[in-house]
Amino acid sequence: MTIPGLHLTQIGGGDFLLEPTKNLNVRDLSRLVESITARLMQARASRLYYDLSGLALIDPLYYGWLDTLARAAKTINVKMICINMQPTAAFALSKFITKMPVFETALNI
């Protein structure tokens, strides 16, 4: 499924891969979250892998997007796991978060 700014692909069973593109507008939060969660619910998803390999930095706005999406996924019983986070993005993220994120992270999947 293609949603403007990202690709959402079922990769097996209840697993999905979300790949953001360069034109992802995280300010369009409500529409994005609604589209993604609707697709996940339709397929009875259990895990959402969010590929961060193309993101060199995570700022507070982008973290808000990740947090909102992870919380929405959690409400429909889908675990969100951020994968392939670059060291620069992880370092930037560590500078402004004040509590454990709702999403998990994994180096290699």
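What radius of gyration would a compact globule of 109 residues have, and what value does the chain have?

**Figure 1. Overall fold of the predicted chain.** A compact globule with 109 residues would have a radius of gyration near 13 Å, and the chain, at 13 Å, agrees with that expectation; the radius is taken over C-alpha atoms, and the globule rule is 2.2 Å times the number of residues to the power 0.38. The model is predicted, so that local features need pLDDT of at least 70 and side-chain atom pairs count only at pLDDT 80 or more, whereas totals for chains, interfaces and linings use all residues. Residues are numbered from 1 along each chain as its sequence is written, and side-chain values use heavy atoms, with hydrogens and water left out. The C-alpha trace spans about 35 × 25 × 25 Å along its principal axes. The chain holds three helices and six strands, which follow one another from the N terminus as β-β-β-α-β-α-β-α-β; helices (H or I, at least four residues) and strands (E, at least two) are DSSP runs, numbered from the N terminus. Of contacts (heavy atoms within 4.5 Å) between residues at least 6 apart in sequence, 69% join residues at least 24 apart.

Figure 2. Three aromatic pairs are found in a search of the whole structure, where rings of Phe, Tyr and Trp (its six-membered ring) pair if their centres lie within 6.5 Å, and planes under 30 degrees apart count as stacked, over 60 as edge-to-face and the rest as tilted. The ring centres of Tyr63 and Phe96 are 6.0 Å apart and their planes stand at 70 degrees, so this pair is edge-to-face. Distant parts of the chain are linked by the pair, since Tyr63 belongs to helix α2 (residues 60-75) and Phe96 to helix α3 (residues 87-96), 33 residues apart. Tyr63, with a relative accessible area of 13%, is buried, while Phe96 is partly exposed at 26%; buried means under 20% relative accessible area, exposed over 50%, and partly exposed in between (1.4 Å probe, protein chains only). Tyr63, Phe96 and Phe103 together form one aromatic cluster.

Figure 3. Buried residues account for 39% of the 109 residues in the chain. Asp67 lies in helix α2 and counts as buried at 14% relative accessibility; apart from its neighbours within four places in sequence, Asp67 is in contact with Val102 and Phe103. Ala92, placed in helix α3, is buried with a relative accessible area of 18%, and, not counting residues up to four places away in sequence, Ala92 touches Leu57 and Ile58. Leu8, in strand β2 (residues 6-12), is buried with a relative accessible area of 1%.

Figure 4. The largest pocket has a volume of about 210 Å³. A pocket is an open set of points on a 1 Å grid over the protein atoms alone, where a 1.4 Å probe fits, with protein on both sides within 12 Å along at least five of seven lines; grid points are joined across faces, edges and corners, and the volume is the space filled by probe spheres set on the points. Lining residues, which have an atom within 4 Å of a point, include Glu19, Lys22, Asp51 and Tyr62. The lining divides into five nonpolar, three polar and three charged residues, where Ala, Val, Leu, Ile, Met, Phe, Trp, Tyr, Cys and Pro count as nonpolar, Asp, Glu, Lys and Arg as charged, and the others, Gly among them, as polar.
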